[in-house]
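Here are some notes to read alongside the structure. They start with confidence and then move to helices, surface and charge pairs.

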Amino acid sequence: MADSTIPTGTPDTGSPPGGGQATSGARISPISRARVRPTGSRREIVIWYLMRVSGVGLFVLALAHFSILHFIWDPANQTAQFIIDQRWDNVFWRGFDWLLLMLVLFHGFMGMRTVILDYVHHPEWRPALLWALYILGAVLFVFGTTVVLTLPVPGAS
Amino acid sequence: MSRLPTLLRYRGREGMAAWAFHRLSGIGIFAFIVLHVIDIYLVGGNPGVYNDVLQFYASLPGRILEVVLGAALLYHALNGLRIIIIDFWPAMTVYHRVLWWGSWVIFISLGVPGALIILRPVWLPLLQQLGLA
């Protein structure tokens with residue numbers, strides 16, 4: 001029989017749907033093989049929707065970003081000076097890449113949260129890893145936003 | 001019941017591969033995003049180190065990793081779209097097998113040319129040596 005739950009540390013016979021903690025016993029659709037829309041916790045429902053909304057945004061922005069920097073330009077040309085002089089010499093591409101960063105920080109970090117919740121059940125490791133994840137996310141937010149905002153624009157100084 | 005890691009446990013037909021690939025590609029992309037935000041920070045923070053990192057990206061091992069990254073990104077994007085279509089348009093459930101195999105057709109038809117472009121510095125000199133380009 002196909003397993004219809006993500007195991008949550010309870011025996012692998014599968015925990016009852018909706019049982020246990022907010023994110024445990026998350027059900028997997030037998031068709032799409034993704035998490036079905038959670039019930040109960042409002043926070044989990046909001047995250048479920050936002051994963052899909054940010055996913056659509058990333059489908060466009062991330063694939064465009066990858067295509068531009070590998071098919072139009074090539075890593076062989078992308079020195080720091082290239083970023084300053086050509087890639088980020090205008091507000092549009094800085095804004096584009098910053099929006100991409102915001103979407104990826106939400107989508108990637110909430111995705112990793114799901115992975116941790118699925119595999120880590122140790123009562124101390126689980127919150128420790130989640131905190132490490134959120135702190136890493138905050139650090140990347142600061143790093144990424146700092147470089148978008150502070151990198152000099154040619155001719156502006 | 002088995003104690004196999006979740007990724008290896010049988011989840012049935014196409015679905016198991018879809019789910020496992022989605023998770024693995026997601027974790028891989030996450031790892032690259034962490035590296036990439038740090039490397040782009042170096043454009044302002046330490047341009048010399050940034051240029052060294054980009055030189056690695058432009059090398060052969062770097063380009064092979066970029067092809068892997070691009071494949072992970074394209075798979076995750078297409079499979080994610082498939083999930084969203086089925087989630088929000090349940091009538092499409094009837095066609096879930098078409099959606100699955102269709103996403104692989106798109107994956108190959110976009111991915112192979114993309115890989116060839118990224119790996120151009122590898123095969124172009126070979127063709128030139130052979131007098132074919």
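1. pLDDT is the predictor's confidence in each residue, on a scale from 0 to 100. Chain B averages a pLDDT of 89, and 89% of its residues score at least 70. For the complex, the predictor gives an ipTM of 0.88 and a pTM of 0.84.

2. Some ground rules. This is a predicted model, in which local features need pLDDT of at least 70 and side-chain atom pairs count only at pLDDT 80 or more, while totals for chains, interfaces and linings use all residues. Residues are numbered from 1 along each chain as its sequence is written, chains are lettered from A in the order in which they are written, and side-chain values use heavy atoms, with hydrogens and water left out.

3. Chain B has 5 helices and 0 strands (DSSP runs: helices are H or I, at least four residues; strands are E, at least two; numbering is from the N terminus). Of its 133 residues, 39% count as buried. Buried means under 20% relative accessible area, exposed over 50%, and partly exposed in between, with a 1.4 Å probe and protein chains only.

4. Look at α4(B). The helix has 23 residues and reaches 32 Å from first C-alpha to last. The expected span is 33 Å (1.5 Å times one less than the number of residues). A kink of about 25 degrees lies at B:G111, shortly before the proline B:P113. That bend is the angle between axes fitted to the seven residues ending there and the seven starting there. Buried residues of α4(B) include B:W100, B:F107 and B:I118.

5. B:L116 is also in α4 of chain B. B:L116 is partly exposed, because its relative accessibility is 44%.

6. Now the charge pairs. A salt bridge is a side-chain nitrogen of Lys or Arg within 4 Å of a carboxyl oxygen of Asp or Glu. The count over all chains is 7. A:E44 meets A:R43 at 4.0 Å, N to O, and A:R113 at 2.7 Å. The A:R113 pair links distant parts of the chain, helix α3 and helix α1 of chain A, 69 residues apart. A:E44 is buried at 7%, as A:R113 is at 7%; A:R43 is exposed at 56%.

7. Which residue of chain A does B:R23 bridge to? The partner is A:D118, with the closest N and O atoms 2.8 Å apart. B:R23 lies in α1 of chain B and A:D118 in α3 of chain A, so the pair joins two chains. B:R23 is buried at 12%, and A:D118 is buried at 4%. Shared partners join A:R35, A:D118 and B:R23 into one salt-bridge network.
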